[in-house]
Amino acid sequence: MLQNVKLSEGHPAIELDKLIFSYDNAATEVLNIPQWQLQQTDKCFVFGQSGAGKSTLMNLLTGVLKPTSGQIKVFGQALNAMSSRQRDRFRAQHIGVVFQQFNLIPYLTVAENIRLASWFAGKGDSHDTLDKRLINLFDALQLPTNLLQRPSRELSVGQQQRVAIVRALINQPELLVVDEPTSALDSYARDSFMKLLMTLCSEQQSTLLFVSHDLSLQSYFDVRLNLADINQAGGAQQ
């Protein structure tokens, strides 16, 4: 098992330097970002046209993809210098991810989905500590605890969304990456979710990177990034 990676203090949450990414080393660049930084505890709204490279950037920042060239640092740690296994461990320990489709395992119970994320992180939290944190997050997100033993496939879309947030926050990540989580929600549920998300990130002092096409949400954020403003690539795609 890989050892836990300790984060460096005093660094930006995210640092990109001469970042270039092409799929399969193709000549057409998807991303070409000379430089960009996001400071710790900032909440950043990322937007751009379909095909601008937003999902690609999210996959690079979470270590799913590796850049063709250049450097990606998350809290001072260079993801580009890590092996695939090291990036997986780093993501599990320090980054919470909420996908557009939530990606819950349908045949596992809600509790099993959440505890699996803790197991992958390998932080060694006791069952009591983990259960207390889980219950606190359920309370904050207005989820009844009787859902814990239900298979995730039986939940409503709104419940799945909140469970996905609990799973992403259970390891108290320094960075939370959220990709289009409100697309299936009505306006009331969306606004309720956004307020809860902002409160939880502030309480846990998590840096937030939030990707969405819904420009009406940008008022919740102190940093707004149009990806086209920093991406010099001519062939951006998802």
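**Close-up 1. The side chains of Asn32 and Glu29 make a polar contact at 3.0 Å.** A polar contact is here a pair of N or O atoms within 3.5 Å, where within protein one must be able to donate a hydrogen and the other to accept it, and where residues adjacent in sequence count only if both atoms are side-chain atoms. The model is predicted, so that local features need pLDDT of at least 70 and side-chain atom pairs count only at pLDDT 80 or more, while totals for chains, interfaces and linings use all residues. Residues are numbered from 1 along each chain as its sequence is written, and side-chain values use heavy atoms, with hydrogens and water left out. Asn32 is found in strand 2 (residues 31-38); strands (E, at least two residues) and helices (H or I, at least four) are DSSP runs numbered from the N terminus. Asn32 counts as buried because its relative accessibility is 17%, buried meaning under 20% relative accessible area, exposed over 50% and partly exposed in between (1.4 Å probe, protein chains only). Leaving aside neighbours within four places in sequence, Asn32 is in contact (heavy atoms within 4.5 Å) with Leu19, Ile20, Ile230, Asn231, Gln232 and Ala233.

**Close-up 2. Helix 3 (residues 110-121) has a span that agrees with its number of residues.** At 1.5 Å a residue, the twelve residues of helix 3 should span 16 Å, and its end C-alpha atoms are 18 Å apart; the expected span is 1.5 Å times one less than the number of residues. Val110, Ala111, Asn113, Ile114, Ala117, Ser118 and Ala121 are buried in helix 3, and the buried residues of this helix pack against helix 2 (84-94), helix 4 (127-140) and helix 5 (157-169). Just after helix 3, Gly122 takes a positive phi of about 60°.

**Close-up 3. The largest nonpolar core has 39 residues.** Such a core is a set of buried Ala, Val, Leu, Ile, Met, Phe, Trp, Tyr and Cys residues joined through side-chain atoms within 4.5 Å. The residues with the most contacts inside the largest core are Ile114, Phe138, Ile165, Leu176, Leu197, Leu208 and Phe210. Elements that each supply at least two residues of this core include helix 3, strand 7 (175-179) and strand 8 (207-211), while the largest share, seven residues, comes from helix 6. Leaving aside neighbours within four places in sequence, Phe138 is in contact with residues including Val110, Ile114, Leu143 and Val166.

**Close-up 4. Phe45 and Phe221 form a tilted aromatic pair.** The ring centres are 5.3 Å apart, with 45° between the planes; rings of Phe, Tyr and Trp (its six-membered ring) pair if their centres lie within 6.5 Å, and planes under 30 degrees apart count as stacked, over 60 as edge-to-face and the rest as tilted. This pair links distant parts of the chain, with Phe45 in strand 3 and Phe221 in the loop between strand 8 and strand 9 (223-226), 176 residues apart. Both Phe45 and Phe221 are buried, and ring pairs link Phe45, Phe47, Phe210 and Phe221 into a cluster.

**Close-up 5. Cys44 and Cys201 are each in no disulfide.** With a disulfide taken as a pair of cysteine sulfur atoms within 2.5 Å, the count comes to zero. For Cys44, the nearest cysteine sulfur is that of Cys201, 12 Å away. Cys44 counts as buried because its relative accessibility is 0%, and Cys201 is buried, with a relative accessible area of 0%.
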